[in-house]
Amino acid sequence: MKPAFLRDDAFLSDVHAAPADPGTLHVWWLGQSGFLLQHEGRFLLMDPYLSDSLTRKHAGSGTPHVRMSERVVDPARLGFVSVVTCSHVHTDHMDPETIRPLLTANPRIELVIPEAIREIAAERLGIERSRPLGMNDGVTRESGGFTIRALPSAHDTRETDGGGNHRYLGYIVQAGAWRLYHSGDTRHYDGMEARLAGFDLDLGLLPINGWSPERRVKGNLNIDESVALGLDSGMRLVVPHHFDMFEFNTADPAAFRAAAARRGLSVKVLRPGERLTLGG
């Protein structure tokens with residue numbers, strides 16, 4: 001198993017030591033598609049998966065979820081987080097064994113989800129159906145000192161419920177002067193670059209694991225597609241995600257780094273528990 005860059009007490013020490021000045025944005029990768037953001041001392045957690053629930057669930061199945069990297073931190077220790085976003089219903093993005101301890105640690109935490117998954121979120125997380133802040137394409141909300149806007153994602157396609165609410169979302173987050181895009185799980189769709197380009201993004205958090213029919217799971221952007229999206233939408237920096245969590249569904253971050261270098265895209269490959277600081 002690959003060791004985390006920082007984990008448990010060492011990780012939390014780094015989180016609490018990060019400066020809280022308005023010109024700085026801190027981003028930690030937690031593994032898979034999970035990221036922790038800090039701006040001016042406020043914390044936002046995106047798509048956290050901090051358990052072994054899927055490894056246990058799929059043990060002995062045709063798609064065993066064998067963990068590749070150490071867990072960064074017990075979610076029960078993240079009570080300082082004020083906002084949690086989930087991009088869609090899949091367990092590695094909305095994990096009850098991660099989110100329930102977070103809700104216990106901070107009963108006032110705000111939960112941002114696609115409106116299309118409100119019912120299943122309430123059941124899975126053991127909360128009132130009215131509690132989450134529902135999102136859909138074009139909806140913008142202020143939460144915990146962050147501005148969050150939803151865009152569709154295509155996992156593998158863009159899907160909506162009967163009310164026109166998208167089941168898979170990405171989020172544009174504005175923190176002070178900083179703007180970043182968290183894709184959730186997505187493949188490319190027509191017009192994606194143009195929509196993202198309109199936000200003048202400092203940072204893109206993009207999947208690189210691609211798709212393969214033999215995996216028997218929905219796919220994502222592959223390495224070359226993520227590089228192209230970063231370039232074509234004008235992202236100033238791209239951080240990859242959705243790799244090094246499960247052996248059957250991953251990608252080589254060194255290959256991503258090499259592909260980005262060939263095309264002149266600025267990227268940063270993080271290890272679980274590692275911090276990226278913008279500004280300062």
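Two strands pair if DSSP finds at least two bridges between them. Helices (H or I, at least four residues) and strands (E, at least two) are DSSP runs, numbered from the N terminus. The model shown is predicted: local features need pLDDT of at least 70, side-chain atom pairs count only at pLDDT 80 or more, and totals for chains, interfaces and linings use all residues. Residues are numbered from 1 along each chain as its sequence is written, and side-chain values use heavy atoms, with hydrogens and water left out.

**View A. Strands β4 and β5 run parallel.**
β4 spans residues 83–85, and three bridges join β4 to β5. T85 faces V112 of β5 across the pair.

**View B. Strand β5 is mostly covered.**
β5 holds residues 110–114, and four of its five residues are buried. Buried means under 20% relative accessible area, exposed over 50%, and partly exposed in between (1.4 Å probe, protein chains only). β5 also runs parallel to β6 (residues 133–135), joined by three bridges. I113 has G134 of β6 as its bridge partner.

**View C. Six strands form an open sheet with mixed pairing.**
The strand order is β7-β8-β9-β10-β11-β12. β7 (140–143) and β12 (238–241) are the edge strands, and each pairs on one side only. From one strand to the next, the twist averages 20°. Axes here are lines fitted to C-alpha atoms, for helices over the stretch in contact, and angles run from 0 to 180 degrees between N-to-C directions. β11 and β12 run parallel, with four bridges between them. L206 is partnered by P240 of β12.

**View D. N220 lies in the loop between β11 (203–207) and α6 (223–232).**
N220 is buried because its relative accessible area is 0%. Its side chain reaches the backbone nitrogen of T186 at 2.7 Å. That is a polar contact: a pair of N or O atoms within 3.5 Å; within protein, one must be able to donate a hydrogen and the other to accept it, and residues adjacent in sequence count only if both atoms are side-chain atoms. Beyond its neighbours within four places in sequence, N220 is in contact (heavy atoms within 4.5 Å) with residues including H155, D185, R187, W211, E225 and H242.
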